[in-house]
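Please look over the protein chain shown here. A short report on its architecture is wanted.

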Amino acid sequence: MQKLGDFKLPHFFNYPPYFTLQPVRDTREKQVQVWKELILDYCRTQKIFVIGLEEDFPLFSNPVIERSLSHEAREAFISALVSEAGRAEWLGKGHRKCLILWHRIQDWADIILRFVKDNGLEDSVITVEEMRSGVECRGTELHGIDRAILMRALRLLEQKGKLAIFKGTSADDEGVKFSM
């Protein structure tokens with residue numbers, strides 16, 4: 001089985017037709033589905049939050065079989081993720097970069113609540129940066145989370161009355177007070 005670093009690639013990754021958009025509708029639907037799953041799984045395991053369609057992204061080419069996805073195929077697979085509610089969002093109007101949500105925002109909010117409970121942070125104040133890069137978050141899914149995704153999940157929890165977000169003098173000292 002081929003690997004990309006420590007990531008095991010699926011068998012279809014070595015099958016040349018999967019690097020070409022398939023003309024038959026049923027075949028293309030299957031192709032799109034396996035690519036969506038691969039992109040989400042790879043981004044989750046590698047903690048990648050943004051994919052640029054015109055940038056080198058390891059999944060978009062396979063040097064072993066000398067195949068690469070065309071721009072049209074890249075856009076088709078990413079657009080399919082975007083159309084699946086809560087899985088990805090285009091950044092800007094040009095559709096050149098995409099925010100990948102291997103967890104939907106609600107799922108990130110649930111992860112934050114588990115983190116708070118597991119670390120005894122109920123009724124505590126913590127900075128947003130500590131949630132992303134502090135000692136407590138090391139080894140958790142929150143470590144290194146994209147700041148925009150974290151803020152969206154925190155705002156969702158704030159709407160539900162689980163916390164209050166406090167503005168600091170800079171983004172580094174923005175705080176969160178949990179009330180659970």
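**Basis**

This is a predicted model, in which local features need pLDDT of at least 70 and side-chain atom pairs count only at pLDDT 80 or more, while totals for chains, interfaces and linings use all residues. Residues are numbered from 1 along each chain as its sequence is written, and side-chain values use heavy atoms, with hydrogens and water left out.

**Overall fold**

The protein chain holds 5 helices and 10 strands. Helices (H or I, at least four residues) and strands (E, at least two) are DSSP runs, numbered from the N terminus. The C-alpha trace spans about 55 × 35 × 30 Å along its principal axes. Of the 180 residues, 42% count as buried. Buried means under 20% relative accessible area, exposed means over 50%, and partly exposed lies in between (1.4 Å probe, protein chains only).

Contact means heavy atoms within 4.5 Å. Among contacts with a separation of 6 or more, 53% come from residues 24 or more positions apart.

The domain assignment gives domain 1 (3-100) and domain 2 (105-178). The contact takes 5 residues from domain 1 and 10 residues from domain 2. The centres of domain 1 and domain 2, taken over C-alpha atoms, are separated by 30 Å. Such bounds come from an automatic or database domain assignment.

**Two helices**

The expected span is 1.5 Å times one less than the number of residues.

| Helix | Residues | Length | First to last C-alpha | Expected span |
|---|---|---|---|---|
| α1 | 25-46 | 22 residues | 31 Å | 32 Å |
| α5 | 147-159 | 13 residues | 18 Å | 18 Å |

Helix α1 comes close to its expected span. Its buried residues are Q31, V32, V34, W35, K36, L38, I39, L40, Y42 and C43. They pack against β1 (3-4), β2 (7-8), β3 (50-52), α2 and β7. K47 follows α1, with a positive phi near 55°.

Helix α5 also has a span close to the expected value. In α5, I149, L150, M151, A153, L154 and L157 are buried. Their cover includes β7 (97-100), α3 (105-118), α4 (128-133), β9 (163-166) and β10 (175-178). At the N-terminal end, D146 caps α5: one of its side-chain oxygens lies 3.1 Å from the backbone nitrogen of A148. That pair is a polar contact, meaning N or O atoms within 3.5 Å; within protein, one must be able to donate a hydrogen and the other to accept it, and residues adjacent in sequence count only if both atoms are side-chain atoms. After α5 comes G161, whose phi is positive, near 80°.

**A charged network**

A salt bridge is a side-chain nitrogen of Lys or Arg within 4 Å of a carboxyl oxygen of Asp or Glu. The count by this rule is 12 salt bridges.

E129 pairs with R132, with the closest N and O atoms 3.1 Å apart. Both sit in helix α4, 3 residues apart, so about one helical turn separates them.

R147 and E174 form another salt bridge, at 2.8 Å from N to O. R147 lies in helix α5 and E174 in the loop between β9 and β10, so the pair ties together parts that are 27 residues apart in sequence. R147 counts as partly exposed, at 22% relative accessibility. E174 counts as buried, at 7%.

E174 also bridges to K167, where the closest N and O atoms are 3.1 Å apart. K167 is exposed, with a relative accessible area of 70%. Through shared partners, salt bridges join E129, R132, R147, K167 and E174 into one network.

**Two loop residues**

G168 lies in the loop between β9 and β10. At 33% relative accessibility, G168 is partly exposed. Beyond its neighbours within four places in sequence, G168 is in contact with D173 and E174.

R87 sits in the loop between α2 (71-83) and β6 (88-91). A polar atom of the R87 side chain lies 2.7 Å from the backbone oxygen of W102. Leaving aside neighbours within four places in sequence, the contacts of R87 are L40, L81, L99, I100, L101, W102, H103 and R104.
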